[in-house]
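Biologist: I would like to learn how to read a structure like this one. Please take me through some features, one at a time.

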Amino acid sequence: MPLVKGGKITSDTFVHVADDAELPEQAALLVTAKRFLADPEALLKRPGKLGVIWPNARDVDDLVPYLDRLALVALVFPTFRDGRAYTQARLLRERYAYRGELRATGQVLRDQFVFMLRAGFDAFEVKKQADAEAFAETVKRYSVFYQPAGDGRISALHRRMQLRHSESAGL
């Protein structure tokens with residue numbers, strides 16, 4: 001499955017590990033929420049990066065104690081009509097200041113890509129290579145937005161205010 005990260009098509013450095021599979025020794029791991037919550041401290045003590053696949057029906061508050069030690073949170077879009085992962089992404093970025101990789105997985109569609117970016121996602125697992133190419137191009141297309149959002153970009157209003165302030169200060 002193609003991965004788009006940072007506006008580029010890239011290979012996934014995380015090994016997806018099934019709940020009943022043995023853990024590889026020193027790899028970056030991506031585990032399910034069920035496996036993670038069964039013994040989070042043991043998984044977090046392992047060498048290498050750790051990520052968790054978090055279903056959209058589960059409260060992100062359960063992740064908060066571990067966020068500073070997770071390299072990746074993959075939020076699931078089970079269907080294109082189910083937008084709960086957008087809310088989870090905004091909560092993780094804005095309320096809990098999560099700065100690790102926030103990945104969209106599942107039904108990740110082209111027409112929702114900009115909305116996912118704005119919610120704070122920075123990586124996307126897509127089903128088709130053509131979608132991955134379209135996502136990589138879309139990242140470059142938009143540089144200014146009018147509304148503030150979870151992606152941390154400065155809105156057009158705030159950018160304009162910064163310019164006026166620097167001009168009036170003689171900078």
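Modeller: Start with two residues: Phe 113 is buried, and Phe 124 is buried as well. Buried means under 20% relative accessible area, exposed means over 50%, and partly exposed lies in between (1.4 Å probe, protein chains only). This is a predicted model, where local features need pLDDT of at least 70 and side-chain atom pairs count only at pLDDT 80 or more, while totals for chains, interfaces and linings use all residues. Residues are numbered from 1 along each chain as its sequence is written, and side-chain values use heavy atoms, with hydrogens and water left out.

Biologist: How many aromatic pairs are there?

Modeller: A pair of aromatic rings is described by the distance of the centres and the angle of the planes. Rings of Phe, Tyr and Trp (its six-membered ring) pair if their centres lie within 6.5 Å; planes under 30 degrees apart count as stacked, over 60 as edge-to-face and the rest as tilted. By this rule there are 5 aromatic pairs. One of them joins Phe 113 and Phe 124, edge-to-face, at 4.7 Å centre to centre and 70 degrees between the planes. This pair links distant parts of the chain, as Phe 113 is in helix H4 (residues 113-119) and Phe 124 is in strand E8 (residues 123-125), 11 residues apart. Phe 121 and Phe 124 form a tilted pair, with 6.5 Å between centres and 50 degrees between planes. Both of these residues, Phe 121 and Phe 124, are buried.

Biologist: Which residues form one aromatic cluster?

Modeller: The cluster consists of Phe 77, Tyr 86, Phe 113, Phe 121 and Phe 124.

Biologist: What about helices and strands? Which residues of H3 are buried?

Modeller: Helices (H or I, at least four residues) and strands (E, at least two) are DSSP runs, numbered from the N terminus. Helix H3 (residues 84-95) has 12 residues and reaches 16 Å from its first C-alpha to its last, close to the expected 16 Å; that expected span is 1.5 Å times one less than the number of residues. The buried residues in H3 are Ala 85, Tyr 86, Gln 88, Ala 89, Leu 92 and Arg 93. Seen down the helix axis, the buried residues of H3 fall within an arc of 165 degrees, so they line one face of the helix. The arc is taken from the directions from the axis to the C-beta atoms. Among the elements covering the buried residues of H3 are strand E5 (50-54), strand E6 (72-77), strand E7 (101-106) and H4, where contact means heavy atoms within 4.5 Å.

Biologist: How many salt bridges does a search of the whole structure find?

Modeller: Side chains of opposite charge can pair when their charged atoms come close. A salt bridge is a side-chain nitrogen of Lys or Arg within 4 Å of a carboxyl oxygen of Asp or Glu. The search of the whole structure gives 10 salt bridges. One of them joins Arg 103 and Glu 101, with the closest N and O atoms 2.9 Å apart, and both residues are buried. Lys 5, Asp 12, Glu 101, Arg 103 and Glu 125 are linked in a network of salt bridges.

Biologist: Why does Arg 58 count as partly exposed?

Modeller: Arg 58 counts as partly exposed because its relative accessibility is 35%. The side chain of Arg 58 meets that of Asp 62 in a salt bridge (3.8 Å, N to O). Asp 62 is partly exposed too, at 36%.
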